Every structure is written in C-alpha cells, then in structure tokens.
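Visitor: I have a model open and would like to go through a few local features. Could you take my questions as they come?
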Amino acid sequence: MNIIPVKNYQDMSRKAAEIVSETINTMDKPVLGLATGSTPEGLYQCLINEHKEGNISFRHVTTFNLDEYVGLHGSDPNSYRYYMYDKLFRHIDIELENTYVPNGVAEDLEKECTSYENLIQEHASIDLQILGIGLNGHIGFNEPGTSFTSRTHIVELDEITRQANARFFKSLDDVPTQAITTGIGTIMESKKIILLISGENKAETVARLVNGEISETFPASILNEHSNVTIIADVASLSKLSK
Ligand code: F6R
C-alpha cells in the first residue's frame, strides 16, 4: 500500500479530489465507488467546487455506494441515499439514474443484495473506489469476522459502529441494527482504491492496518493484498505508526 501523508483533513480532501478528478477527466465512462460518513465530506465539497469552477463534469460518471442502512428510506436524512444527494449529487451535473445506492427498504432484502452485486458486475467492476475505515477496521459495513470473499450482503452492525454513528441520530436507539453492504470480495475487485483517514482517534486503526497481520478479524487488513491501494492519511492519524 502506498501511503501519502498529508498535514490535515483539508489537505487529505484536496489530494483525494485531485485523484478523483483525474479519473473522471481521463476516462470515457468512469465507475466510482463512493463512501459516506464524516471522512469523505471534504472530498465531496472539493469536487463540488471543481465542478462550479468548470473544471469537471460528472455527466459520464456512474457511481455505486458501498452501503445503506436497513429500514431507512432514501428520503430519510440519515439514509446514505439522502447523504449522497445532499452532500454531492444535487450540486453537480451527474445523471441521478446513474447513481446507485442499495435500497434499505426493499421488500426482499436478499434479492436486493443479489441485484446490487449483479449491477456492479454488469458495469465490469469499479474503476476507483473511495473508502473510509471504521475504528474496528471495517470497510463498507463489513464488520470484523466478515469473509474476505464476501459479496453484497446484509450485516448486523457492531455495537462500536452503532455508537460511532450515533452522533448523526437523535439517540443510539435510533441507529439501525442492520445494513446492506457490498462485500470485501466486491471491494477487492476495484481497479484502484483510495482510503482516506483523518484524526487521532483513527491512529490505532492505522497502526493495525499497516503493521498488523492480515486477518478477517480486521477487515481492512486485506487491502495489503490489493495491487493498487493509496492511503491518504493526515499526520494525526499516522501518529502511532512505528517508524
Ligand atoms: C460509509 C462506510 C464506512 C465509513 C467508516 C468511517 O459508507 O462505508 O466504512 O467509511 O465507518 O466513517 P467516518 O468517516 O464517519 O469515520
């Protein structure tokens, strides 16, 4: 894994935006894998700015989000469909029908997982996948213990994940207990991956990712076996890395 150390959150977001913009500007029909959460918000703001300045168009871009909460409709402000619309899609010229997020209120959730996975395969995999990382090493919502060969599936969210995400909800009780996530096998098929990490609270996580063993108990560790992963991490998150 290639690590790009940056000063702070702002620089992480700018560097990631450079890579995403280059992909969009040099490919005919780029397929992007998108993440939600706090980490990529700055990246999305940079992309919006680039678009407003006329440097980038999303008309030819297709996106697949990593995950969605089970039980939240796309109109719910805490759903990831809503997040994407609010923080990126409504500010740019992307065709909404080319933006995919799993449907967390599908009548048949298993079927939804299969169709979502098939849809990604029909697009011949993701060209550039943007990832954040959970404190427990999750990528997407693939919690510790998930098989490295998993495909899009339903997960029970870890307590640590529900607590970390409770800041977006009225109370911990309101945080869904399940989600749909693309699998680790799905993520690993992406041609290129950028993993964004910021903040001192992720320092242990980064240390384990870089220096720890590759194990399903720490899902992101499998990224060590991908041939094209770039970690863009700020100095605070790199503070516990052994030199
Ligand atoms: C979100 C996702 C998660 C987050 C992770 C970190 O779509 O897939 O893996 O990237 O939980 O979240 P933040 O960025 O809020 O620390």
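Guide: At the start of H4, a side-chain oxygen of Asp-108 comes to within 3.3 Å of the backbone nitrogen of Glu-110. Please keep in mind that this is a predicted model.

Visitor: What should H4 span, and how far apart are its end C-alpha atoms?
Guide: Helix H4 covers residues 109-122, and its 14 residues should span 20 Å at 1.5 Å a residue. The end C-alpha atoms are 20 Å apart, which agrees.

Visitor: Which residues of H4 are buried?
Guide: The buried residues in H4 are Leu-109, Glu-112, Cys-113, Tyr-116, Glu-117 and Ile-120. Viewed down the axis of H4, they fall within an arc of 130°, so they line one face of the helix.

Visitor: Why would such spacing give one face?
Guide: An α-helix has 3.6 residues a turn, so residues three or four places apart point the same way.

Visitor: What do the buried residues of H4 pack against?
Guide: They pack against the strands E3 (62-65), E5 (99-100), E7 (153-156) and E8 (178-181), and against helix H6 (184-188). The face of H4 turned away from its buried side carries the exposed residues Glu-110, Lys-111 and Glu-122.

Visitor: And what follows H4?
Guide: Ala-124 follows H4, and its phi is positive, near 60°.

Visitor: Changing topic: is Thr-205 buried or exposed?
Guide: Thr-205, in helix H7 (residues 203-211), counts as buried because its relative accessibility is 4%, where the cut-off is under 20%.

Visitor: Which backbone oxygen lies 3.2 Å from a polar atom of its side chain?
Guide: That of Leu-135. Leaving aside residues up to four places away in sequence, Thr-205 touches Ile-133, Gly-134, Leu-135, Gly-137 and Phe-218.

Notes: Residues are numbered from 1 along each chain as its sequence is written. This is a predicted model: local features need pLDDT of at least 70, side-chain atom pairs count only at pLDDT 80 or more; totals for chains, interfaces and linings use all residues. Side-chain values use heavy atoms; hydrogens and water are left out. Helices (H or I, at least four residues) and strands (E, at least two) are DSSP runs, numbered from the N terminus. The expected span of a helix is 1.5 Å times one less than its number of residues. Buried means under 20% relative accessible area, exposed over 50%, partly exposed in between (1.4 Å probe, protein chains only). The arc is that of the directions from the helix axis to the C-beta atoms. Contact means heavy atoms within 4.5 Å. A polar contact is a pair of N or O atoms within 3.5 Å; within protein, one must be able to donate a hydrogen and the other to accept it, and residues adjacent in sequence count only if both atoms are side-chain atoms.
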